[in-house]
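Dear colleague,

I am handing over the structure we spoke about, placed just below.

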Amino acid sequence: HLPLLMGTLLRPMQRDTRALAFGALTNAANSIESARLILDRAKDALNLPDTRYPKERLLSLIAQVLHRWPELRGANEQPLVYERQAA
């Protein structure tokens with residue numbers, strides 16, 4: 001059902017239905033191939049001009065997929081840890 005779920009990222013939907021779809025997409029990212037497809041489509045959805053689109057939940061979906069599959073991270077998506085230097 002992955003193609004159907006990925007379509008929910010770009011179609012207009014009710015907020016509650018979209019939230020359920022985001023959870024299902026998180027669960028569907030169970031292989032690196034499916035995670036890559038979901039990640040690409042989710043990044044496309046970030047560029048949608050809809051002001052009512054739940055971008056925070058979309059970013060959460062992207063973060064969960066990248067956390068589970070760190071090899072899909074781009075150069076700008078690597079975690080940075082800043083440490084205080086001892087004085």
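Which residue forms a salt bridge with Glu77, and how many Å apart are the closest N and O atoms? The partner is Lys43, and the closest N and O atoms of the two are 2.8 Å apart. Lys43 lies in helix H3 and Glu77 in the segment after H4, so the pair ties together parts that are 34 residues apart in sequence. A salt bridge here is a side-chain nitrogen of Lys or Arg within 4 Å of a carboxyl oxygen of Asp or Glu, and by this rule the count comes to one. Lys43 counts as partly exposed at 29% relative accessibility, and Glu77 counts as partly exposed at 26%; in these terms buried means under 20% relative accessible area, exposed over 50%, and partly exposed in between, with a 1.4 Å probe and protein chains only.

Please keep in mind that this is a predicted model, in which local features need pLDDT of at least 70 and side-chain atom pairs count only at pLDDT 80 or more, while totals for chains, interfaces and linings use all residues. Residues are numbered from 1 along each chain as its sequence is written, and side-chain values use heavy atoms, with hydrogens and water left out.

As to the overall layout, the chain has four helices and zero strands, and its elements run α-α-α-α from the N terminus on. Helices (H or I, at least four residues) and strands (E, at least two) are DSSP runs, numbered from the N terminus. The C-alpha atoms fill a box of roughly 55 × 30 × 20 Å, taken along the principal axes, and buried residues make up 32% of the 87 residues in the chain. Among contacts (heavy atoms within 4.5 Å) between residues at least 6 apart in sequence, 58% join residues at least 24 apart.

The largest nonpolar core holds 21 residues, of which Leu9, Phe22, Leu25, Ile38, Leu58, Leu61 and Val65 touch the most other members. Helix H1 (2-7), helix H2 (15-28), helix H3 (32-46) and helix H4 (55-68) each supply at least two residues of this core. A nonpolar core is a set of buried Ala, Val, Leu, Ile, Met, Phe, Trp, Tyr and Cys residues joined through side-chain atoms within 4.5 Å. In soluble globular proteins, nonpolar side chains tend to be buried together.

Ile38, leaving aside its neighbours within four places in sequence, is in contact with Leu2, Met6, Leu9, Leu25, Ala28, Ala29, Leu61 and Val65. Met6 lies in helix H1 and is buried, with a relative accessible area of 9%; the C-alpha atoms of Met6 and Ile38 are separated by 6.5 Å, although the two are 32 residues apart along the chain. Val65, in helix H4, is buried with a relative accessible area of 2%, and its contacts beyond four places in sequence are Ala29, Ala35, Ile38 and Leu39.

Turning to H2, its buried residues are Arg18, Ala21, Phe22, Leu25, Thr26 and Ala28. Seen down the axis of H2, these fall within an arc of 160° (the arc of the directions from the helix axis to the C-beta atoms), so they line one face of the helix. What covers them includes H1, H3 and H4, whereas the face turned away from the buried side carries the exposed residues Asp16, Leu20 and Asn27. In H3, the buried residues are Ser34, Ala35, Ile38, Leu39, Ala42 and Ala45; seen down the axis of H3 they fall within an arc of 130°, so they too line one face of their helix. These residues of H3 pack against H1, H2 and H4.

Finally, the structure holds one aromatic pair. The rings of Phe22 and Tyr53 have their centres 6.4 Å apart and their planes at 55°, so the pair is tilted. Rings of Phe, Tyr and Trp (its six-membered ring) pair if their centres lie within 6.5 Å, and planes under 30 degrees apart count as stacked, over 60 as edge-to-face and the rest as tilted. At 5% relative accessibility, Phe22 counts as buried, and Tyr53 counts as buried at 5%.

With best wishes
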